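Please have the sequence and the model open as you read.

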Amino acid sequence: MKTKTIIKRLLVLGCIVAALALAAFAGYLTYDHVGYKPFGSIDDDEIETLLFTYDSGSPTENWFEIIDYEIPELYYDSILDALRNVRVFFPYEDQNLGYYGNAYILYTIVLKDGTKHTAEIVGWSKNDIDTGYYLRGESGTFRIMKDGVRTYFVRVDGVLYDIRDELIYTDLRDYSRGIINEYDREYN
């Protein structure tokens, strides 16, 4: 083969590789900013039941252990809506992150075909990196912007994600308190 032919083929191959790398990088950036909703495509007619599990893990008089408690009708639509709006991105690096407030809070969607999908409220954390901005004056140094960023963690089907959405996280956490009170009223 001639040298010009080899160079042309290498150039075409290089362009193809560069285009694929650019497409992969664009896909990565899009996914990292858009994510996906793991429960977003589950239809109401596919769902058998919605369950709640809670265990405070503390051996006191306020100790609860609720196993597969069916979510009351009062909370059903709100929780299902919140679960459908959970948006995940790439899995969090540390998959061993502990539970929220030493409690175990788990929502389970059971489909009619027997498949189970779970969303476990894990916790929140503030970054260790100080991203604050300061203003130095004669009388001292003042913080003029927040330090760190709060992140919110949910384990979806056993994989830990930073869901980046305080409202969904706090809704799911707060609904759990209402369900526990409902359970306590019903069974105690």
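R155 counts as buried, at 12% relative accessibility. Keep in mind as you look around that this is a predicted model. The partner of R155 is E120: the two form a salt bridge whose closest N and O atoms are 3.5 Å apart. This pair links distant parts of the chain, with R155 in strand β7 (residues 150–156) and E120 in strand β4 (residues 116–126), 35 residues apart. Is E120 buried or exposed? At 7% relative accessibility, E120 counts as buried, because the cut-off for that label is under 20% relative accessible area.

How many salt bridges does a search of the whole structure find? The search finds 5.

| Salt bridge | N to O distance |
|---|---|
| R155 and E120 | 3.5 Å |
| R177 and D174 | 2.9 Å |
| R185 and E182 | 2.9 Å |

Now turn to helix α3 (residues 166–187), where both R177 and D174 lie. They are 3 residues apart, about one turn of the helix, and their side chains meet in a salt bridge. R177 is partly exposed at 41% relative accessibility, and D174 is also partly exposed, at 34%.

Helix α3 holds R185 and E182 as well. Their side chains meet in a salt bridge with an N to O distance of 2.9 Å. Because they are 3 residues apart in the helix, R185 and E182 are separated by about one helical turn. R185 counts as exposed, with 59% relative accessibility, whereas E182 is partly exposed at 21%. Which residues do salt bridges with shared partners join into one network? They are R173, D174 and R177.

Which residues make the nonpolar surface patch of about 370 Å²? I6, L10, L13 and V17 make it. One of these, L10, is found in helix α1 (residues 3–34). L10 has a relative accessible area of 55% and is therefore exposed, as the cut-off for exposed is over 50%.

Definitions and conventions: Residues numbered from 1 in each chain as written. Predicted model: local features only at pLDDT ≥ 70, side-chain atom pairs only at ≥ 80, totals over all residues. Heavy atoms only, no water. Patch = residues over 30% accessible without salt bridge, like charges linked within 9 Å, V, L, I, M, F, W, Y side chains within 5 Å. Areas by Shrake-Rupley, 256 points an atom, 1.4 Å probe, with all protein chains shown as cover. Salt bridge = Lys/Arg side-chain N within 4 Å of Asp/Glu carboxyl O. Helix = DSSP H or I, 4+ residues; strand = E, 2+ residues; numbered from the N terminus. Buried < 20%, exposed > 50% of the residue type's maximum accessible area, 1.4 Å probe, protein only.
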